[in-house]
Amino acid sequence: FSEKSSQFLKENMNVGKELLKGKMKNPSGSIDELANGCGDIVLLNGEKVAAYRDDQGAIHAVSPICTHLGCDVAFNSAEKSWDCPCHGSRFTIDGDVIEGPAVKPLDRKNEV
Ligand code: FES
């Protein structure tokens, strides 16, 4: 390789890395982008968390893994709850069970 082509390769590898980062981040979004009163599954230190920002701006973060059989919960913006698409379990923004079949709360992520 000439000096030029190895420089070209290096630059493209970096672009690839950035794209990959963007991709990993994308469907999940970032905790900083959460507006007050909104919830989403976000990546935090490489881990998926179900994060909700309350009207005071405080983050409530719990595990997104439903304690029934392990599906990912999704934010229900009308009810401000985390709902599981698999069998209908529902959880509060702090992970407590509203409706089964799940009986255990979602794990809290206190380090947020
Ligand atoms: Fe969530 Fe069954 S896995 S309700």
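Predicted model: local features only at pLDDT ≥ 70, side-chain atom pairs only at ≥ 80, totals over all residues.

Student: How many bridges hold S2 and S3 together?

Tutor: Four bridges, in the antiparallel sense. S2 covers residues 47-53 and S3 covers residues 59-62.

Student: Which residue in S3 stands opposite alanine 51?

Tutor: Alanine 61.

Student: New topic. What is the strand order in the open sheet of four?

Tutor: S4-S5-S6-S7, with antiparallel pairing. The edge strands are S4 (74-76) and S7 (97-99), each pairing on one side only.

Student: How many bridges between S4 and S5?

Tutor: Three, and the sense is antiparallel. S5 spans residues 81-83. Within S5, aspartate 83 is the bridge partner of alanine 74.

Student: What about the loop between S4 and S5, which residue is found there?

Tutor: Lysine 80 is found in that loop. Its phi is near 50°, a positive value in a residue other than glycine.

Student: Why does lysine 80 count as partly exposed?

Tutor: Because it has 14 C-beta neighbours inside 10 Å. Exposed would need 12 or fewer, and buried 20 or more.

Student: Where does asparagine 45 lie?

Tutor: In the loop between S1 (38-44) and S2. Asparagine 45 also has a positive phi near 50°, and it is a residue other than glycine.

Student: Is asparagine 45 buried or exposed?

Tutor: Exposed, because there are 7 other C-beta atoms within 10 Å. The cut-off for exposed is 12 or fewer.

Student: On to omega. Which residues does the cis peptide bond join?

Tutor: Glycine 100 and proline 101, with omega about 15°. Proline 101 lies in the segment after S7.

Student: And where is the place of proline 105?

Tutor: Proline 105 is also in the segment after S7. With 15 C-beta neighbours inside 10 Å, proline 105 counts as partly exposed.

Student: What does proline 105 touch, leaving out residues up to four places away in sequence?

Tutor: Thr67, Phe91, Gly95, Asp96 and Val97.

Student: How far apart are proline 105 and alanine 74?

Tutor: They are 15 Å apart in space, C-alpha to C-alpha. In sequence, 31 residues separate proline 105 and alanine 74.

Notes. Residues numbered from 1 in each chain as written. Pairing = 2+ DSSP bridges. Helix = DSSP H or I, 4+ residues; strand = E, 2+ residues; numbered from the N terminus. Contact = placed C-beta atoms within 7 Å.
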